[in-house]
Amino acid sequence: MNQKINDFVVRFANTNGTGSASANNMFAKAIFRMGIPVSAKNIFPSNIQGMPTWYEVRVSDKGYLGRRGGRADLLVAMNAQSLTADIQSVESGGYLFYDSSKPLDEAVLRDDIHMLGMPISMICVKEYSDPRQRQLFKNVIYIGALAALLEIEFQVLKDLISDQFKGKEKLITPNIHALEIGFQFATSHFECPLPFRVERREFNRGKIMMDGNTATALGALYGGATVVGWYPITPSTSVVEKFAAYCQRLRIDPASGNKNFAIVQAEDELAAMGMVLGATWNGARAFTATSGPGVSLMTEFLGLGYFAELPAVLINVQRAGPSTGMPTRTQQADLLACAYASHGDTKHVLLFPADPEECFSLTARAFDIADQLQTPVILMSDLEIGMNDHLCCELEWQDDYQYQRGKVLSAAELDELERYGRYLDVDGDGICYRVLPGEHPQKGAFFTRGTSRDRFAVYTEKGDEYVQNMNRLAEKFRTAVRYLPRPECREGDKSAAIGLIYYGSTTAAIEEAQDLLRDQGLSSDCLRIRAFPFHSEVQDFIERHQQVFVIEQNRDGQMRTLLTMELEQDPQQLQSVLHFDGLPISGRFIAAEIVARLAREAQTQEAG
């Protein structure tokens with residue numbers, strides 16, 4: 001194998017429930033602290049314990065943070081159950097690091113990979129008498145060995161141990177000792193370093209590593225949320241768990257000790273959304289977090305929120321569906337279900353974060369947008385962003401930031417009105433003025449309804465009143481674009497023939513895909529969609545390019561469908577690049593699909 005610096009993939013094969021996650025995460029963070037771009041993917045089963053689990057770390061000087069795809073350069077095999085398949089997943093010329101306490105079955109070995117055997121279990125039996133310690137320190141020992149094999153700075157690992165066990169100092173020395181056991185064994189028995197290794201860089205200044213669900217919880221906190229109605233579901237549960245933990249630290253009144261927040265676990269997702277709408281109607285900022293099956297149950301109340309015009313924020317951390325699907329695998333397959341959630345003519349505002357930094361900033365912004373538009377806003381995260389650690393920009397917030405509450409009338413303003421109309425479009429933008437309950441003793445709104453009403457909130461089934469109301473809601477949806485983040489467009493001085501449209505977690509793979517296409521003589525421009533309804537730039541981008549590929553992680557090309565319907569775009573102008581096996585899309589996959597598609601078209605033209 002040729003020498004490689006900061007350009008390889010290490011895959012860990014473990015057993016779920018053995019405590020390997022902390023050790024593997026420490027490996028990725030050590031590389032991050034050495035200033036090298038790194039990304040980590042936790043691939044785990046929905047079963048609670050005992051099933052195979054994998055953790056894949058990609059190291060890239062070029063800053064490629066998407067999944068590389070293909071085989072690993074080094075596989076750390078710690079699960080006998082998956083060993084045969086794991087051996088096959090090593091790159092030819094690559095390395096298999098395994099526990100050699102028991103001999104391997106020669107029938108599964110390969111001649112084209114290097115074997116690095118270390119009797120980790122035997123070492124642990126000798127070092128530790130407690131069975132639990134034998135298991136936990138086994139994980140730390142192999143991290144120490146990898147430090148020697150890959151030249152990870154040992155002091156960085158020691159600092160991570162100290163940070164991890166701050167407040168539990170008695171655990172620091174034994175963990176560092178376990179690292180030293182692995183490091184010394186590898187130094188004594190293997191040729192260190194391997195042909196691929198790490199080398200300190202300064203690429204990570206101003207960057208952090210965090211998961212999207214934690215960032216989303218912080219975004220809700222900074223966005224002013226005080227009420228949560230929810231029901232647990234993978235992979236969104238940690239959003240509310242993190243939010244609750246932050247509230248315990250930051251939302252307790254220091255004088256009285258009272259909680260300035262309310263978090264209610266409902267009996268189901270439908271009730272959770274009902275609680276959110278009740279809270280927002282009363283003036284609180286409220287949200288819920290769920291995944292696809294939860295969205296299905298919430299659609300009735302989403303329709304009420306749309307029609308009664310109540311602000312609300314829904315965090316949808318998407319997973320592979322439909323039905324229960326693959327609960328611990330990622331997809332972008334809830335797009336159409338969320339855009340048109342509920343019955344009748346209903347449309348919802350969607351936001352598409354690409355990484356944890358945007359999970360934070362767009363969640364905070366979602367509360368402003370919901371208030372300004374008086375409608376539910378859905379943040380379309382996914383498992384890949386939400387549960388995996390990502391390299392991203394530091395989170396920023398202005399302490400003097402003023403929340404945008406939109407058109408809310410005060411008692412004094414109500415006094416100046418001869419008659420208040422809750423659904424009166426005074427400004428012609430489709431957005432009416434609302435009043436918080438109790439603001440005024442005689443004027444204002446004291447209840448809301450999901451049935452048809454006139455401009456003064458009086459029940460009616462008159463056809464012309466209903467049509468006027470629905471047309472105003474459509475106008476409000478068009479107005480929504482003013483409040484939404486614009487798409488990100490990257491084009492050269494001269495537009496390329498190929499355009500790439502993408503969104504959300506696909507973003508991590510795009511830069512590498514563009515580079516791979518360029519290596520084959522294909523230049524491309526790209527546009528990242530950040531919100532629905534679409535800004536005019538999206539249609540302009542499509543019309544400037546001969547061929548536009550819409551890249552997404554679902555089977556049916558849901559974004560392409562949304563683009564063709566909402567922009568009245570000719571479907572022939574948009575081609576889908578689809579990936580939906582539950583793993584994050586890779587740059588290799590995108591480039592290969594586009595190259596193959598173009599080759600087939602060229603063959604067809606030649607044949608014609």
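1. Basis. The model is predicted, with local features requiring pLDDT of at least 70 and side-chain atom pairs counted only at pLDDT 80 or more, while totals for chains, interfaces and linings use all residues. Residues are numbered from 1 along each chain as its sequence is written, and side-chain values use heavy atoms, with hydrogens and water left out.

2. Sheet. An open sheet is formed by 6 strands in the order β3-β4-β2-β5-β6-β7, with mixed pairing. Strands are DSSP runs of E with at least two residues, helices are runs of H or I with at least four, and both are numbered from the N terminus; two strands pair if DSSP finds at least two bridges between them. At the edges are β3 and β7 (114-118), each of which pairs on one side only. In general, strands of a sheet pair through backbone hydrogen bonds, either parallel or antiparallel.

3. Strands β2 (residues 7-15) and β5 (residues 72-77) run parallel and are joined by 4 bridges. Arg-11 has Leu-75 as its bridge partner in β5. Helix α4 (residues 131-150) lies across β2, β5, β6 (90-99) and β7, and runs at about 165° to β2. Here contact means heavy atoms within 4.5 Å; axes are lines fitted to C-alpha atoms, for helices over the stretch in contact, and angles run from 0 to 180 degrees between N-to-C directions.

4. The whole structure contains 5 cavities of 30 Å³ or more. A cavity is a set of points on a 1 Å grid over the protein atoms alone where a 1.4 Å probe fits but cannot get out, and its lining residues have an atom within 4 Å of a point. Grid points are joined across faces, edges and corners, and a volume is the space filled by probe spheres set on the points. The largest cavity has a volume of about 90 Å³. It is lined by 13 residues, of which Asn-42, Ile-43, Leu-383, Gly-582 and Pro-584 are the closest to its centre. Two or more lining residues come from each of β3 (38-43) and α13 (383-387), and β3 gives the largest share, 3 residues.

5. Second largest cavity. Its volume is about 60 Å³. The lining consists of Tyr-306, Val-349, Leu-373, Thr-375, Leu-473, Lys-476, Phe-477 and Ala-480. Helix α15 (residues 463-479) provides the largest share, 3 residues.

6. Cis peptide bonds. Cys-192 and Pro-193 are joined by a cis peptide bond with omega of about -5°; Pro-193 is in the loop between α6 (172-189) and β8 (196-197). The bond from Thr-234 to Pro-235 is also cis, with omega near 5°, and Pro-235 is in the loop between β10 (227-230) and α8 (237-250).

7. Positive phi. Ser-342, not a glycine, has a positive phi of about 95° and sits in the loop between α11 (335-339) and β14 (349-351). Glu-568 has a positive phi near 50° and lies in the loop between α18 (558-566) and β22 (574-578). Is each of these residues buried or exposed? Ser-342 is buried, with a relative accessible area of 19%, whereas Glu-568 is exposed at 73%; buried means under 20% relative accessible area, exposed over 50% and partly exposed in between, with a 1.4 Å probe and protein chains only.

How values were computed. On a 1 Å grid over the protein atoms alone, a cavity is a set of points where a 1.4 Å probe fits but cannot get out, and a pocket is an open set with protein on both sides within 12 Å along at least five of seven lines; lining residues have an atom within 4 Å of a point.
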